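Me: I would like to learn how to read a model like this one, feature by feature. Please show it first, and then take my questions in turn.

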Amino acid sequence: MKGFAVGDEVYGRAGDLMDLSGSLAENFKADVCLVAHKPKTLSMREAAAQPLVGIPAYDGLTRRGE
C-alpha cells in the first residue's frame, strides 16, 4: 500500500458501500481510496466526524448544488 504504513493513524469511510457493513474495529482492511492520514491536530473522535459532515456537504455542492 503506497503512502501508508502499519501503525499509521487514518480516518475515512469503512463501510456502507456496496452492501458492506461498517466497523468499529481498531484494525480492519479498507479500500485505500476511502481513507486518509489523520491530521495530527485532530483527535480520533474529531477525525471520525469529518466524513460524516464532509461527504454530504461535498455531494451537495458538486452533484446537487450545481
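Me: How many helices and strands does the chain have?

Reply: Helices (H or I, at least four residues) and strands (E, at least two) are DSSP runs, numbered from the N terminus. Here the chain has one helix and two strands. Along the sequence they follow the pattern β-β-α.

Me: What should I know about the source of the model and the numbering?

Reply: This is a predicted model, in which local features need pLDDT of at least 70, side-chain atom pairs count only at pLDDT 80 or more, and totals for chains, interfaces and linings use all residues. Residues are numbered from 1 along each chain as its sequence is written, and side-chain values use heavy atoms, with hydrogens and water left out.

Me: What pLDDT does the chain average, and where is confidence lowest and highest?

Reply: pLDDT is the predictor's confidence in each residue, from 0 to 100. The chain averages 78. A score of at least 70 is reached by 76% of the residues. Confidence is lowest in β1, at a mean of 82. It is highest in β2, at 88.

Me: What share of the contacts comes from residues 24 or more positions apart?

Reply: A contact means heavy atoms within 4.5 Å. Take the contacts with a separation of 6 or more: residues 24 or more positions apart account for 63% of them.

Me: How does the span of α1 compare with the expected one?

Reply: The expected span of a helix is 1.5 Å times one less than its number of residues. Helix α1 has 21 residues. From first C-alpha to last it reaches 30 Å, close to the 30 Å expected.

Me: Which residues of α1 are buried, and what covers them?

Reply: They are Ala47, Pro51 and Asp59. Their cover includes β1 (10-12). Pro51 shows how to read one of them. Its relative accessible area is 15%, so it is buried. Leaving aside neighbours within four places in sequence, Pro51 is in contact with Tyr11, Gly12 and Pro56. Its C-alpha is separated by 7.0 Å from that of Arg13, 38 residues apart along the chain.

Me: Is Ala49 buried, partly exposed or exposed?

Reply: Ala49 is found in helix α1 too. With a relative accessible area of 33%, Ala49 is partly exposed.

Me: Where do the two partners stand on accessibility, and what do they touch?

Reply: Glu9 is partly exposed, at 43% relative accessible area. Lys38 is buried, at 10%. Beyond four places in sequence, Lys38 touches Glu9, Val10, Tyr11, Ser43, Met44 and Ala47. The C-alpha atoms of Glu9 and Ala47 are separated by 9.9 Å.

Me: What is the distance between the closest N and O atoms of Arg63 and Asp59?

Reply: In this salt bridge they are 2.5 Å apart. Arg63 and Asp59 are four residues apart in helix α1, so about one helical turn separates them. Arg63 counts as exposed, at 55% relative accessibility. Asp59 is among the buried residues of α1.

Conventions: Buried < 20%, exposed > 50% of the residue type's maximum accessible area, 1.4 Å probe, protein only. Salt bridge = Lys/Arg side-chain N within 4 Å of Asp/Glu carboxyl O.
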